[in-house]
Every structure is written in C-alpha cells, then in structure tokens.
Amino acid sequence: MSLHPDLRFAEPEVFARRTISAHEEALAGGRPVDLEPRVLHAWRRSGDAGISPEQELPSHFLGAPELEQARTSTPLRAVADDVVASLADTSAAGRHLVVLTDARGSLLWRSGSPEALRRADSIAFAEGADWSERGIGANGISLALDSGRLSHATAGEHFVRAHHGWTCTAAPIRNRAGSIVGVLDVSLPVRFATTEVVSLVRCGARLAETLLAQHFAISGAANIEPNGNPIRRIRLLGWRPAVVRADGSEVILSKRRAELLALLASREAWTARALAEELYGDAGATTTVRGEIKRLRQQTGVSIDSQPYALAQADRACVDFLCADEPDELLPDSEVPAIVDLRYGI
C-alpha cells in the first residue's frame with residue numbers, strides 16, 4: 001500500500017522521510033510498499049539508462065548556441081515570458097522556482113528569488129540542463145512527460161539523492177492538437193510543500209495553453225509561417241519599418257514596436273527595466289515593456305528570448321541598420337535617445 005497522497009502536503013517532512021526510506025530499501029534490493037508503482041518503474045528505467053543515485057549533474061547540457069536554438073524552435077517561446085512572470089516570486093522572500101522545459105525535458109527558462117536560484121544552481125537545475133529521465137533520473141518533470149498529466153516528485157521519489165530536499169509539481173503543456181510541447185514545473189524545499197502549489201501549476205499550464213492557442217490564432221490570421229515563410233529582412237531604415245517575409249509579405253510596425261525592435265537588435269540582451277528606461281524614461285514601466293514584447297512576437301513572429309530579452313541571432317542577422325555603414329536613416333521620427341545615438345553612431 002503506497003503513502004496516502006494527502007500526507008504529501010499535510011505532513012511533508014513525514015512524507016519525505018518515508019519516501020527516502022523507501023528509496024534506500026529499493027536500492028538495497030527490497031520491494032518498498034510506500035511508493036506509487038509508476039515511481040518504482042521510473043526508478044528502474046533510470047538505473048537501466050545508466051543514471052546513478054549519486055549523480056550530481058545531468059548527463060547533458062545545452063551549450064549557449066544549442067540553448068538558443070532550442071528556445072527558438074519551441075512554440076513556448078511565444079508565451080514563456082508571460083507564463084513565468086505570472087507564476088514566479090522573485091522577491092527576497094520567494095521560496096519556489098518556476099521552470100519551463102521543452103518536450104524533451106531540456107530546461108529552457110526559469111525564475112525565482114535569489115535564494116531559490118542559488119539552491120537550484122547547487123543541483124544544476126539550470127537553463128540548458130537535461131531534466132529528462134535519461135538525463136538525471138526520475139523527477140517531477142520526467143514523470144509529467146511519462147504520464148502526460150500533473151505529477152509530483154517529493155524527496156525520495158526523486159531517483160538522485162541530491163534532489164531529496166526538494167518537492168516538485170509539474171504538468172505537461174499541450175498544443176491545440178493535444179501534443180505535449182513542454183512542461184511547467186514549480187519546485188521548492190520539502191518543508192514548504194503546500195497544496196497551493198498544485199493550483200499554481202494547474203493554472204499556469206492552463207494559461208500557457210490558452211496563450212499558445214491565442215498566439216497561433218493571431219499568427220495564422222496574419223499569415224505568419226515561421227518555418228515555411230521565414231523572415232527575410234527587418235526594415236528599420238526609413239519611414240516605413242516592417243518585418244518582411246520570404247514571400248515578400250510585410251508586417252508594418254508601429255513607431256513604438258519599431259523602436260523596441262531596434263533596441264533589441266542593438267545589443268545582445270536587455271532587462272525589462274533597461275528597456276523601460278530607454279523607451280519610456282521610467283525604469284518602473286516593466287509591465288508595459290512586457291506587454292509590448294508579447295504583442296511584437298504575436299504580430300511579427302520574431303523570436304525574442306526572455307530573462308533577459310534577446311533577439312534571436314537568425315532574426316538579428318536580418319536587421320538592416322546593423323549592416324549599414326551610416327545608419328542615419330534609422331527610424332527618422334524617433335526621439336528615443338538610445339536610437340538617436342545609434343542613428344549617428346554615437
């Protein structure tokens with residue numbers, strides 16, 4: 001008979017001790033009764049895949065170019081910023097970590113308080129890390145990918161001992177066709193386990209799916225086809241800024257979105273605060289910046305990474321003023337100081 005599920009949140013530390021005991025029993029060749037059969041099956045698969053309970057790092061990490069490519073190729077790129085920002089607590093008192101993975105279990109985005117990020121770094125729960133079952137053993141993310149439904153991994157339910165101080169709740173994110181495109185996970189220390197996390201993850205996954213549906217509905221209406229009709233040119237020189245696709249179709253940009261795109265192209269990465277200060281003269285206008293970036297993605301299909309904001313290299317290579325010897329025609333009606341500086345090479 002497995003542990004009663006209510007104990008996971010009613011008495012998390014008791015639940016944790018019993019799962020860790022079951023973990024030790026299983027590794028010693030016993031048959032623990034305190035765990036769900038699917039967790040035991042996941043442990044066996046983890047061992048068969050060559051994962052060690054003593055393993056400290058995932059078997060595979062994406063390098064910077066691979067991480068950028070993974071972010072660019074997942075449909076979650078269009079909604080990641082909104083979903084993560086809606087669920088994360090980045091205050092000094094924040095306890096939980098929010099992460100988004102792709103359908104393979106590669107961690108692509110994360111957010112949390114400085115303390116939560118420090119704890120995550122100690123177990124390589126970081127962007128680019130492979131948190132699939134074959135990458136780091138059974139965990140909340142891998143269980144969600146395997147089952148196709150909301151899953152938990154608390155303390156000893158993780159195959160790797162280094163993760164036994166954590167409780168993780170994860171849910172798959174599906175596209176309109178029903179295919180899993182990624183996983184939303186919320187993780188925190190075992191002693192802070194609470195049923196509210198389940199609601200947070202459920203609502204977050206639903207939000208992601210709703211935003212995905214809206215994004216692709218808008219993209220379809222605008223005839224945006226990132227794969228079959230890629231961006232050929234991002235025109236920011238002159239009076240008619242636009243994103244031009246391979247078939248010659250154009251998405252005309254408003255003054256503000258053209259300015260935002262010019263700033264994103266001008267350097268490798270931006271914080272929301274820095275963009276707010278440049279565009280609005282108000283470092284606190286980060287919500288406005290996030291909204292504009294969301295609409296820019298939806299309108300044009302350009303790929304913009306989040307946290308920090310960065311225009312994908314493939315799209316950046318299409319920006320005309322970056323190749324101009326004298327970009328003095330860059331958005332001639334813009335009075336944003338940073339763009340004036342770019343215009344005159346300051």
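**Stop 1**

Select Arg-119 and Glu-115: they sit four residues apart in helix 6, so about one helical turn separates them. (Helices, H or I with at least four residues, and strands, E with at least two, are DSSP runs numbered from the N terminus.) Their side chains meet in a salt bridge, 3.3 Å from N to O; that term means a side-chain nitrogen of Lys or Arg within 4 Å of a carboxyl oxygen of Asp or Glu.

Before moving on, a word on the model: it is predicted, so local features need pLDDT of at least 70 and side-chain atom pairs count only at pLDDT 80 or more, while totals for chains, interfaces and linings use all residues. Residues are numbered from 1 along each chain as its sequence is written, and side-chain values use heavy atoms, with hydrogens and water left out.

**Stop 1: longer links**

How many salt bridges are there by this rule? The count is 18. Pick Glu-133 and Arg-45, whose side chains form one at 2.8 Å, N to O. Glu-133 belongs to helix 7 (residues 133-136) and Arg-45 to helix 3 (residues 37-48), so this pair ties together parts 88 residues apart in sequence. Is Glu-133 buried or exposed? Glu-133 is buried, at 14% relative accessible area, while Arg-45 is partly exposed at 32%. (Buried is under 20% relative accessible area, exposed is over 50%, and partly exposed is in between, using a 1.4 Å probe and protein chains only.)

Next, show Arg-161 with Glu-54: their closest N and O atoms are 1.8 Å apart in a salt bridge.

**Stop 2: two cysteines**

A disulfide is a covalent bond between the sulfur atoms of two cysteines; here it is counted as a pair of cysteine sulfur atoms within 2.5 Å. The disulfide count is zero. Cys-168 is buried at 6% relative accessibility, whereas Cys-203 is partly exposed at 46%.

**Stop 3: back to helix 6**

Finally, colour helix 5 (80-87), strand 2 (107-111) and helix 6 (114-122): each supplies at least two residues of the lining of the second largest pocket. That lining divides into eight nonpolar, five polar and four charged residues.

Terms used: Nonpolar A, V, L, I, M, F, W, Y, C, P; charged D, E, K, R; others polar.
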